[in-house]
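Thanks, everyone. I'll keep this short. Please take a look at the chain on the screen.

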Amino acid sequence: MKWCHCQQPNHFQISRKLQDKYADLIMFLFSSHVFKLVTTKDYRRHLLKQRGWVIPLIMFMSLFEIVISQNQSPEPESTQVLQLHYQDRHVVMDNGIFQLTLSNPEGFVTGIQYNGIENVLAYDSKEDDRGYWDLVWNFPGKKTKKTKGTLDRIEATKMEVKTQNDELIELSFSRTWNSSSTTAVPVNIDKRFVMLRNSSGFYTYAIFERLQGWPAVELDNIRLAIKLNKDKFHYMAISDDRQRYMPLPDDRIPPRGQPLAYPEAVQLLDPIEPEFKGEVDDKYEYSMESKDIKVHGWISTNDSVGFWQITPSNEFRSAGPLKQFLGSHVGPTNLAIFHSTHYVGADLIMNFKQGEAWKKVFGPVFIYLNSFPKGVDPLLLWHEAKNQTKIEEEKWPYSFTASDDFPASDQRGSVSGRLLVRDRFISSEDIPANGSYVGLAAPGDVGSWQREYKGYQFWSKADVNGYFSINNVRSGRYNLYAFAPGFIGDYHNDTVFDISPGSKTNLGDLVYEPPRDGSTIWEIGVPDRTAAEFYIPDPNPTFVNKLYSNRSDKYRQYGLWERYSELYPDEDMVYNADVDDHSKKWFFMQVTRKQANGGYKGTTWQIRFQLDDKMKNLTGNFKLRIALATSNVAELQVRVNDPSANPPLFTTEQIGRDNTIARHGIHGLYWLYNVNVPDSSLRLGNNTIYLTQPLATSPFQGLMYDYIRLECPDSINYLTRS
């Protein structure tokens with residue numbers, strides 16, 4: 001990369017100068033060892049067993065690590081008392097490490113000064129377009145086809161100091177709904193900002209509240225958006241293996257960029273940096289599951305400064321651990337999405353009835369800045385940010401917030417137990433649900449957690465023996481839910497658990513019996529709630545994001561829906577369940593076929609299989625289990641041995657509106673269907689099941705399968721295929 005923006009910090013402390021000198025020497029001599037030596041204690045232990053120069057090197061690098069860690073907090077002599085400055089229409093929080101400037105009384109983040117950079121934010125943007133909370137809302141029935149709703153940047157009308165002492169400052173920027181208003185969203189909103197002494201960042205959270213008697217309303221999207229200085233922040237990191245130098249926002253604007261099938265996807269025709277020429281940039285290529293959104297952000301490599309959003313808990317996000325959200329993307333933009341309909345659709349519009357009261361706290365999240373001295377690889381700032389994330393997770397729930405609506409640890413409860421899976425066609429003993437997700441969410445039906453949005457959810461991952469512990473649970477009423485990799489369906493314990501402050505509930509052994517009538521005749525895929533194990537083609541070379549080349553997650557590439565028509569121009573996919581490999585033959589999404597006239601046509605897939613003489617005396621219903629990983633304005637029709645049967649043996653009718661196909665996802669909402677297949681519809685020898693998706697007005701209509709299985713009638717003990 002040859003970024004030309006080379007502004008350097010204009011001042012350093014004495015300790016920083018010493019760090020620079022040592023860092024230059026170390027990076028010159030030992031650059032290949034820096035990563036493991038600085039970040040991995042196990043690697044240092046391994047090297048201690050070696051001889052020669054390694055031991056003094058380790059001692060030296062250990063001292064270097066201490067110096068680096070000290071750089072993350074101020075030297076004692078530089079520590080300043082927390083200060084709150086009032087300016088004309090602004091208020092500034094200052095702890096000597098950085099300054100946070102907020103508009104008063106609106107509560108917009110207008111400036112962040114850190115490490116010699118006067119403002120890490122997009123200083124050339126309007127003040128209300130740098131850092132802000134916003135939401136999208138509607139009065140029921142008022143939405144038109146031309147708009148998703150009303151965008152509200154949550155402009156507060158009152159600023160109040162909630163806490164100010166030597167250890168912290170907490171500010172409130174609030175607004176109260178006026179019952180005489182016919183154009184404002186009927187929700188009280190209180191945005192909070194917290195700065196701690198000796199902390200390299202700030203915390204923010206918001207309290208949303210509706211009172212009884214207020215009008216009905218719909219909320220589509222709630223988020224915190226921060227836009228960074230595009231001349232400085234060029235490197236984005238959202239996980240260990242998803243990070244890269246990014247194009248500039250200017251590259252997306254015509255004539256440099258050309259919008260593709262939808263405005264979020266842009267092909268870079270003449271980017272400022274030639275290495276991006278021809279690539280596709282789309283913010284949805286960088287979406288993440290809620291369980292994985294812990295830290296993400298940007299690095300200014302010239303300044304060796306990192307800007308990160310750290311989320312220690314996802315308890316306040318909607319729809320459980322698998323719900324996908326946006327994070328960081330070209331801008332450079334850093335988002336905290338607290339609620340959205342992405343990858344689910346209208347089922348996640350927050351719908352409040354006339355008179356319905358509600359309160360929820362979104363956050364806190366931690367906006368964290370870090371830096372290294374010159375000479376140290378600035379990309380290592382990502383690893384230091386991950387370490388800080390662990391620290392924040394250990395501090396959760398935070399004890400310093402001034403609002404009683406955010407309970408501390410001693411005001412919360414816990415639930416523990418062990419989850420076992422009982423499937424006698426696989427094992428004669430109960431199986432520990434290793435790796436299962438077990439969670440508490442509002443009381444509801446089986447799987448209702450993936451459409452739940454008004455309350456809080458608390459999830460934990462079971463260990464190898466199936467044991468789980470769900471800690472720091474807010475007081476309230478919950479059902480227990482779970483899903484286990486390798487097994488279809490959802491566990492649901494319909495007992496209503498009342499969690500109270502300090503309560504500790506041990507549920508002992510819980511047993512999940514996944515749907516099963518008989519032994520497996522054949523199966524396609526792996527029951528993991530995604531389509532990731534199926535055949536994913538290489539993208540059209542014209543539309544590539546280099547980050548996802550030659551990777552297992554190449555489903556994030558743009559335009560893969562068009563590859564189906566290219567691979568199957570005339571006839572649809574035919575899959576032989578007895579011999580074919582789903583990872584090589586089963587296309588990962590059943591989409592429409594583009595026609596020569598520009599229209600689209602539905603598709604019918606065939607599953608062929610044989611029933612041998614062992615099956616000749618079977619009577620009763622076979623069972624076809626179909627687990628869908630997603631559906632977007634689609635219908636699944638099932639027919640057996642007669643492709644023209646009308647009506648079909650089974651139909652879902654139209655389901656889903658999650659737009660997963662266009663947004664490069666591998667799953668959306670999970671759907672499970674159990675289809676009775678009469679023995680009279682099957683025959684010895686060759687059989688064919690036809691899966692038809694007939695709806696075809698868009699290239700983005702279609703299905704993704706998670707797993708399909710055909711079972712014998714329960715009267716037969718037919719051995720399961722391995």
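Start with Arg639. Setting aside residues up to four places away in sequence, Arg639 touches Ser644, Ala645, Pro648, Thr688, Ile689, Tyr690 and Thr692. Keep in mind that this is a predicted model. Arg639 sits in strand β40, which covers residues 637–640.

So much for its surroundings. What about charge? Arg639 is buried, yet it has no salt bridge. The nearest side chain of opposite charge is Asp642, 6.8 Å away. A salt bridge needs a side-chain nitrogen of Lys or Arg within 4 Å of a carboxyl oxygen. What does lie 2.6 Å from a polar atom of the Arg639 side chain? The backbone oxygen of Ala645.

Now the nonpolar side. Nonpolar side chains tend to be buried together in soluble globular proteins. Here, the largest nonpolar core has 182 residues. Trp522, Trp586, Leu691 and Tyr705 have the most contacts inside it. Strand β24, residues 358–371, gives the most to this core: eight residues.

Take Tyr705 from that group. Beyond its neighbours within four places in sequence, Tyr705 contacts a list of residues, including Trp586, Leu691, Phe534, Trp605 and Gln590. There is also a second, separate core of seven residues. Among them are Leu322, Trp449, Trp459 and Tyr481.

Last, the whole chain. It has six helices and 45 strands. Of its 722 residues, 57% are buried. Take contacts between residues at least 6 apart in sequence: 71% join residues at least 24 apart. The accessible surface comes to about 30,500 Å², and 48% of that belongs to carbon and sulfur atoms.

Conventions: Residues numbered from 1 in each chain as written. Predicted model: local features only at pLDDT ≥ 70, side-chain atom pairs only at ≥ 80, totals over all residues. Heavy atoms only, no water. Helix = DSSP H or I, 4+ residues; strand = E, 2+ residues; numbered from the N terminus. Buried < 20%, exposed > 50% of the residue type's maximum accessible area, 1.4 Å probe, protein only. Contact = heavy atoms within 4.5 Å. Areas by Shrake-Rupley, 256 points an atom, 1.4 Å probe, with all protein chains shown as cover. Lys, Arg positive; Asp, Glu negative; His and termini not counted. Polar contact = N/O pair within 3.5 Å; in protein donor to acceptor, adjacent residues only side chain to side chain. Core = buried A, V, L, I, M, F, W, Y, C linked by side-chain atoms within 4.5 Å.
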